[in-house]
Amino acid sequence: MTPSPPEDDDDHSGELAERKMRFLFALRSRGVTDGRVLTAMERVDRGVFVKGIFALRAYEDMPLPIACGQTISQPSVVGLMTQALNVTARDTVLEVGTGSGYQAAILSQLARRVYTVDRFRRLVREAAELFTQLKLTNITSLTADGSFGLPDQAPFDRILVTAAAEDPPGPLLAQLKLGGIMVVPVGQSDAVQSLIKVTRTASGFEYEELRPVRFVPLVEGLGAE
Ligand code: SAH
């Protein structure tokens with residue numbers, strides 16, 4: 001075996017730094033400008049949440065397949081949704097649609113506590129293992145049909161839905177605190193959906209349409225795996 005020249009190490013870390021810079025640059029150029037969100041996304045390595053051959057593309061701004069026929073969202077969409085949610089360090093956040101766990105990991109950097117639920121046990125188990133490995137102790141992951149929210153932990157300061165609903169689910173609206181914010185993709189699952197920001201005010205709910213998105217559908221009941 002030939003010993004590696006010392007420059008090799010430098011080259012490798014240089015490559016990592018450059019990849020990280022490109023990743024952050026792509027986020028900025030697509031409108032993710034909030035410093036706290038960018039720092040959170042710099043800290044959480046997306047490569048850990050993508051398995052097998054797709055891991056090679058973890059730093060590209062594209063959605064990728066994960067287990068159970070689901071997808072990890074595009075990083076810029078994760079950034080824009082997180083930014084729209086305007087999370088503060090005091091907040092308790094509910095995420096519906098754990099998937100790979102990447103979005104929950106980002107939220108965990110910004111919030112006091114994150115509850116994340118998925119209808120697939122397997123996704124919840126695998127994400128929970130990653131949270132333990134990464135020492136993200138403020139995330140609680142549960143298998144549940146998130147369209148009903150989490151009545152036992154409600155109300156929430158922030159709710160993020162990462163699967164498309166035909167309308168913002170009523171139980172989720174009901175579990176939002178006064179002044180709370182929910183971000184949810186709304187529309188048919190086979191078409192382009194609208195990302196909606198809902199704010200609960202003293203007089204009801206205010207709706208703001210943010211941008212077109214494409215998410216897998218919010219499905220009723222628990223999954224088979
Ligand atoms: N936020 C994820 C990506 C989510 S993909 C990430 O960062 O990787 C959408 C997820 O929503 C899928 O894992 C799907 O199983 C889940 N989902 C769909 N309908 C659901 C429901 N009713 N309750 C909970 N999870 C649901």
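Q: In which strand is Thr116 found?
A: This is a predicted model: local features need pLDDT of at least 70, side-chain atom pairs count only at pLDDT 80 or more, and totals for chains, interfaces and linings use all residues. Residues are numbered from 1 along each chain as its sequence is written, and side-chain values use heavy atoms, without hydrogens or water. Helices (H or I, at least four residues) and strands (E, at least two) are DSSP runs, numbered from the N terminus. Thr116 has its place in strand β4.

Q: Does Thr116 count as buried or exposed?
A: Buried means under 20% relative accessible area, exposed over 50%, and partly exposed in between (1.4 Å probe, protein chains only). Thr116 has 0% relative accessibility, so Thr116 counts as buried.

Q: With which side chain does the side chain of Thr116 make a polar contact?
A: Contact means heavy atoms within 4.5 Å. Leaving aside neighbours within four places in sequence, the contacts of Thr116 include Thr98, Ala104 and Phe131. A polar contact is a pair of N or O atoms within 3.5 Å; within protein, one must be able to donate a hydrogen and the other to accept it, and residues adjacent in sequence count only if both atoms are side-chain atoms. At 2.7 Å, the partner of the Thr116 side chain is the side chain of Glu95.

Q: How far is a polar side-chain atom of Glu95 from a nitrogen atom of the ligand?
A: The Glu95 side chain also makes a polar contact with the side chain of Thr116. Its distance from the ligand nitrogen is 2.9 Å.

Q: How much of the ligand's accessible area does the protein cover?
A: A side-chain N or O atom of Asp118 lies 2.6 Å from a ligand oxygen. A polar backbone atom of Gln103 is 3.0 Å from an oxygen of the ligand. Accessible areas come from the Shrake-Rupley method with a 1.4 Å probe; for residues, only the protein chains shown count as cover. The ligand on its own has 580 Å² of accessible area, and the protein covers 99%.

Q: How many of the nine residues of α4 are buried?
A: The buried residues of α4 include Tyr102, Gln103, Ala104 and Leu110. The helix is mostly covered, with a buried count of eight.

Q: What is the relative accessible area of Cys68?
A: Cys68 lies in the loop between β1 (64–65) and β2. Its phi is positive, about 60°, although Cys68 is not a glycine. Cys68 is buried, because its relative accessible area is 13%.

Q: What is the relative accessible area of Asn86?
A: Asn86 sits in the loop between α3 (75–85) and β3. Although not a glycine, Asn86 has a positive phi of about 50°. Asn86 is partly exposed, because its relative accessible area is 43%.

Q: Which residue is joined to Pro155 by a cis peptide bond?
A: Pro155 belongs to the loop between β5 (139–143) and β6 (156–161). The bond has an omega of about 0°, and the partner is Ala154.

Q: How far apart in space are Leu38 and Glu95, C-alpha to C-alpha?
A: Leu38 is part of helix α2 (residues 35–43). Leu38 counts as buried because its relative accessibility is 6%. Beyond its neighbours within four places in sequence, Leu38 contacts Leu24, Leu27, Arg28, Val32 and Thr33. Leu38 and Glu95 are 57 residues apart in sequence, and their C-alpha separation is 19 Å.
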